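Open the model in your viewer and keep the sequence panel beside it. The stops below say what to select and what is found there.

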Amino acid sequence: MNRRCIVHIDIDAFFSAVEVLLNPSLKGKPVIVGGLPHERGVASTASYEARKYGVHSGMPLRKAYQLCPHGIFIRGNFQIYSAFSDKFFRLISHYTPDVEKASLDEAYLDLTRCRPLYPSFSSTVREIKQRVEKELGLTVSVGVGPNKILAKLATNRAKPGGLAEIEPNREEEFLKDLGIESLPGIGPKAQVILRMLNIQKIGDLWGLPRVSLRSLFGLNGDEMYLQSRGIDTRPLMTASIPKSVSRETTFLEDIWDRRLLLAHLAYLCDRLTLPLRRGRLFAHIIEVKVRYSDFKTEARRRLLISPVQEMGRIYKIAQELFLQFFSSSRLSLRLVGVKASDLVRGRPLSLFEPYSERPERLGHAVDEVREKYGFGSVLTVREKMLEEIYSFERKRGFVLKTASLTK
Ligand SMILES: [Mg+2]
């Protein structure tokens, strides 16, 4: 098989680099984007100056403040970052149609098909890097390898601002002395177990037979076996990402009961998360739309620095937005809708709060059960209420007047 040419590009300390670009007086200072020191939540990005104090993305803001009290804390402006991200992807798409958007500031390019266009491959990669840096005003790190995992590990080595290429037949040499924690398939728990077995480096893993890894870690063990040898056949996820996903319900009769409206909203949020999970999509914008009895339509949206996928979090945001419509008078509505937009594919680890896979796995488990036994087989408390209200009305002889629960 022909060796693939995969290039991984990652903007260095993206959000804080944008802040420095917009406000040059921040240059050389520890900049932490994500919120103010007393606020709840976590740092989304820390500049390299802040990292020297041990601050990293995903760290609670309070902890970041303890480590770096003179740091400059900024809430961040997602709209600006999003504009930079759009420009970044426009620039790199110029070189190949095979681009995977791994997050706002991280991309894989597959140059295999385009290779004949670029006789001097290395200088093309350098050109991409320079062009992005010049036109964005931000530095990027670039890794080149025969597959995604090696390209990404090369980028990690190149950080910040460098370019690293893993040449043919040098893969083992490159991997051998990297710590086991550098493999994405080896989480904190697996690290503890492996360290007890005195396995510290990727090279140490090679001594373990595949069956042993499998008996220790199940299917993850298989993954480790392959990753540690730099084997990765995953294609790029180049399928275009939808602009948005939305769900809405028009009621046959206007509803004013807030409890009932919230129950509908919960149901819509639940419906919305299925395509998000299927497409591995996370949303940076959540929007709630209402239409009043006089047909006037209004929408409210929230921009999120950390994108969301999980039903519980989306509902919480949607609920807050929804309740803003009810500041004064009691209103009756003929439509309610929820929309997720500015979607990214794959969980952008660096932007995330202490990462737990649990909600994601729970979501997939729910999808499976529903596929077998129908949507109504798993309902949240609010949805249950919706169902009860309607079955109660049915019993009293009312016709079910809104969109059915399981459509
Ligand atoms: Mg980055």
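This is a predicted model: local features need pLDDT of at least 70, side-chain atom pairs count only at pLDDT 80 or more; totals for chains, interfaces and linings use all residues.

A residue counts as buried when its relative accessible area is under 20%, as exposed when that area is over 50%, and as partly exposed in between.

**Stop 1: the magnesium ion**

Select the magnesium ion together with Asp-10, Ile-11 and Asp-105. Which atoms coordinate the magnesium ion? Asp-10 and Asp-105 each contribute OD, while Ile-11 contributes O, and the distances run from 2.2 to 2.3 Å. Along the sequence, the spacing of these donor residues reads D-I-x93-D.

Is Ile-11 buried or exposed? Ile-11 has 2% relative accessibility and is therefore buried, given that the cut-off is under 20%. Asp-10 is also classed as buried, because its relative accessibility is 8%.

**Stop 2: helices 10 and 11**

Next select residues 210–217, which form helix 10, and residues 219–228, which form helix 11. The two axes come within 6 Å and cross at roughly 140 degrees. Helix 10 is therefore oblique to helix 11, since only angles over 145 degrees count as roughly antiparallel. The crossing of helix 10 with helix 11 is right-handed.

Show the side chains at this contact. By class, the contact residues of the two helices comprise 6 nonpolar, 2 polar and 3 charged.

**Stop 3: Gln-227**

Remain on helix 11 and select Gln-227, which is placed in it. What does Gln-227 touch, leaving aside residues up to four places away in sequence? Its contacts on that basis are Ile-149, Leu-183, Pro-184 and Gly-185. Gln-227 is buried, because its relative accessibility is 9%.

**Stop 4: Ser-244**

Move on to strand 9, residues 244–255, and select Ser-244. Ser-244 is partly exposed, because its relative accessibility is 31%. With residues up to four places away in sequence left out, Ser-244 touches Lys-339, Ala-340, Ser-341 and Leu-343.

How values were computed
Residues are numbered from 1 along each chain as its sequence is written. Side-chain values use heavy atoms; hydrogens and water are left out. Donors are N, O and S atoms within 2.8 Å of the metal (3.2 Å for Na, K and Ca); water is not among the atoms, so sites may look incomplete. Buried means under 20% relative accessible area, exposed over 50%, partly exposed in between (1.4 Å probe, protein chains only). Axes are lines fitted to C-alpha atoms, for helices over the stretch in contact, and angles run from 0 to 180 degrees between N-to-C directions. Helices (H or I, at least four residues) and strands (E, at least two) are DSSP runs, numbered from the N terminus. Angles under 35 degrees count as roughly parallel, over 145 as roughly antiparallel, 65 to 115 as roughly perpendicular and the rest as oblique. A crossing is left-handed if the near helix is turned anticlockwise from the far one by less than a right angle, and right-handed if clockwise. Ala, Val, Leu, Ile, Met, Phe, Trp, Tyr, Cys and Pro count as nonpolar, Asp, Glu, Lys and Arg as charged, and the others, Gly among them, as polar. Contact means heavy atoms within 4.5 Å.
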